[in-house]
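Dear colleague,

I am handing over the structure we spoke about, and you will find it just below.

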Amino acid sequence: MVAASTPAGAPPARHDADALVAWAQRLLEAAGLEAALAEDVAEVLVEGDLLGHDTHGMALLAGYLGELEKGSMAARGTYDTIAERSVAATWDGRRLPGPALVRRAIDWAAPRAREHGTAAVAIRRSHHIACLAAYLEAPVRAGLVVEIYSSDPAVASVAPFGGTQAVFTPNPMAVGFPTSGDPVLIDISASITTNGMSNRLKAAGRRGEHAWWLDALGQPSDDPAVLFTQPPGTILPLGGLDAGHKGYGLALTIEAMTGGLAGFGRADVPEGWGATVCVRVTDPEAFAGLTPFTRQTGWIAQACRTSSPRDPSRPVRLPGERALARKREQRANGVALHPSILPALERFAQKHGLPAPRAIG
């Protein structure tokens, strides 16, 4: 049995990160996923929670297990190479789990970037790739710059700026780069909020902090339920009603970097929940050098941190700073899982006879 959800008002239950990885991997293998693929997925999901991206960590596991049950996520095998040059490749992911494909793309690109300066992989027909920030820390601490772009051509929930009908997904991107201290880890979307957060708020009967959505008539709303009406509303692009042309431009760029480079996207017949992806790795040593690179990024990082804050109680942070601090704290004290996660996994835990690890603390 999965432990009962945390009572209202009580702090969330904590679980050992390694125990969560082992449990998630066993559940995925029990559902038929090949062991090496299951290991990648489990590690990436828990990394998402460690960093605080709790809509794109273990919260996705129930959906992934359901996709394996339906056969909508491939359970074994490897990608097909569509095209390859010395520093560029295009893969058909054959609906394999996105975490495994993205990790392999970084592994393919990193040594080529060290030799040639930069390398990139475009991936068509991947399944969902989870939290983009979860891939960044290790290669960035090794001195590389990593970019990840993702779209889901089977889903549309974000309208172009000035429109009321959805064309895009939130279209996330992530960039990680080294500094003279902790790395900068950027994980953003071309929309104000995500589908995952919209679904969570709706399920909890809560509203957004601001008008993040448009209803079907094009009126701004703070209620995520407008996405579920007929006809549906949409998520606003990043920048909202005032500056959404910037998020719109970013969404178009990500479509070009993913569907465009992979040659597969919204112009094709949808295949179900998934992703089209581009991974690019750059080695600063091939340019001015890593030491000059981190001298510049370290200066910028320090200048941002010491900028006089608008609110003295909230000093300026760098992207990824809070996530890395949260990861260190949760590694030491256990992962604070969102209370909706374990109940969603109860059916799979019972089906496979794999109870959740006990809470710690």
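In this predicted model, the second largest cavity is lined by Leu37, Gly77, Thr78, Tyr79, Leu96, Leu101 and Arg104. By class, that lining divides into 4 nonpolar, 2 polar and 1 charged residues, and the space inside the second largest cavity comes to about 30 Å³. The count of cavities of 30 Å³ or more is 2.

The largest cavity holds about 100 Å³ of space. Its lining is made up of 16 residues, and those nearest the centre of the cavity are Arg95, Pro153, Phe264, Glu271 and Gly272. When the lining of the largest cavity is sorted by class, 6 of its residues are nonpolar, 5 are polar and 5 are charged. Two strands, E4 (118-126) and E11 (275-282), each contribute at least two residues to this lining.

Strands E4 and E11 also belong to an open sheet of 7 strands, which runs in the order E2-E3-E4-E11-E5-E6-E7 with mixed pairing. Strand E2 (80-84) and strand E7 (184-189) stand at the edges and have a single partner strand each, so one side of each is left without a neighbour in the sheet. On average, and with direction ignored, neighbouring strands of this sheet are turned by 15° against each other.

With best regards

Methods:
Residues are numbered from 1 along each chain as its sequence is written. This is a predicted model: local features need pLDDT of at least 70, side-chain atom pairs count only at pLDDT 80 or more; totals for chains, interfaces and linings use all residues. Side-chain values use heavy atoms; hydrogens and water are left out. Two strands pair if DSSP finds at least two bridges between them. Helices (H or I, at least four residues) and strands (E, at least two) are DSSP runs, numbered from the N terminus. Axes are lines fitted to C-alpha atoms, for helices over the stretch in contact, and angles run from 0 to 180 degrees between N-to-C directions. On a 1 Å grid over the protein atoms alone, a cavity is a set of points where a 1.4 Å probe fits but cannot get out, and a pocket is an open set with protein on both sides within 12 Å along at least five of seven lines; lining residues have an atom within 4 Å of a point. Grid points are joined across faces, edges and corners, and a volume is the space filled by probe spheres set on the points. Ala, Val, Leu, Ile, Met, Phe, Trp, Tyr, Cys and Pro count as nonpolar, Asp, Glu, Lys and Arg as charged, and the others, Gly among them, as polar.
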